[in-house]
Each structure stands twice: as C-alpha cells, then as structure tokens.
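Hi everyone, thanks for coming.

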Amino acid sequence: MRAGLLGWKGMAALCVACLALGGCGEEAGPQVRADAVPADAVLAQLYATSCQQCHASPAAGAPLTGDAQAWAPRLAKGMDTLLEH
C-alpha cells in the first residue's frame with residue numbers, strides 16, 4: 001500500500017473509514033458493499049488508486065473492505081504494522 005499522497009495519517013484515516021463502512025450484523029460471509037468508499041473525495045481517490053484493486057476482490061486474498069472480522073486482528077497489531085504490510 002502506498003502512503004505518499006496523504007502520508008501515515010491519511011492512510012490511517014482511510015483504513016479506519018473503510019473498516020467503519022463494513023457495518024455490523026450476522027452475515028453468511030465477507031461481502032463487499034458497492035458503496036464502501038470513503039465519503040471524503042481525497043480519501044475516495046486514494047482508495048480507488050491504491051486499495052480497491054486488492055481489497056474489493058476476494059480472489060486477491062487481501063481482507064475485504066467492510067469485513068470487520070478480517071480487519072480486527074490486523075488493526076489490533078497497530079497502525080504502523082498494518083501500513084507496513
């Protein structure tokens with residue numbers, strides 16, 4: 001993941017925004033919401049150019065945008081570790 005456009009704080013905000021878009025509930029498995037993009041235009045552009053390719057495709061193997069269960073253990077390791085990977 002690239003951090004050049006917004007730096008560490010921007011990437012952290014993007015990750016938190018994407019995780020928050022997942023909502024809650026008992027669903028049959030991870031699902032990507034079609035509207036799961038940040039409302040902020042700058043963050044939405046960053047998501048579209050840096051994150052969406054992997055985090056919106058189950059085939060990529062990356063945790064899906066909005067899948068709070070998949071993101072929880074990664075977020076627990078801290079933002080520095082999350083952004084490093």
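The mean pLDDT of this predicted protein is 75, and 60% of its residues reach 70 or more. For anyone new to it, pLDDT is the predictor's confidence in each residue, from 0 to 100. Among the elements, helix α1 (residues 7–20) has the lowest mean, 66, while helix α3 (residues 68–76) has the highest, 91. Where pLDDT is low, the predicted coordinates should not be read in detail.

A word on the ground rules. Residues are numbered from 1 along each chain as its sequence is written, and side-chain values use heavy atoms, with hydrogens and water left out. In this predicted model, local features need pLDDT of at least 70 and side-chain atom pairs count only at pLDDT 80 or more, but totals for chains, interfaces and linings use all residues.

So what is the protein built from? It has 4 helices and 0 strands, where helices (H or I, at least four residues) and strands (E, at least two) are DSSP runs, numbered from the N terminus. Of its 85 residues, 29% count as buried; buried means under 20% relative accessible area, with a 1.4 Å probe and protein chains only.

Now to helix α2, residues 41–55. How far apart are its end C-alpha atoms? Only 18 Å, short of the 21 Å that a straight helix with 15 residues would reach; that expected span is 1.5 Å times one less than the number of residues. Helix α2 also has a kink of about 50 degrees, centred on Ala48. That bend is the angle between axes fitted to the seven residues ending there and the seven starting there.

Which residues of α2 are buried? They are Leu43, Leu46, Tyr47, Ser50, Cys51 and His55. Cys51 has a relative accessible area of 3%. Its C-alpha atom is separated by 9.9 Å from that of Leu64, 13 residues apart along the chain.

How values were computed:
Buried < 20%, exposed > 50% of the residue type's maximum accessible area, 1.4 Å probe, protein only.
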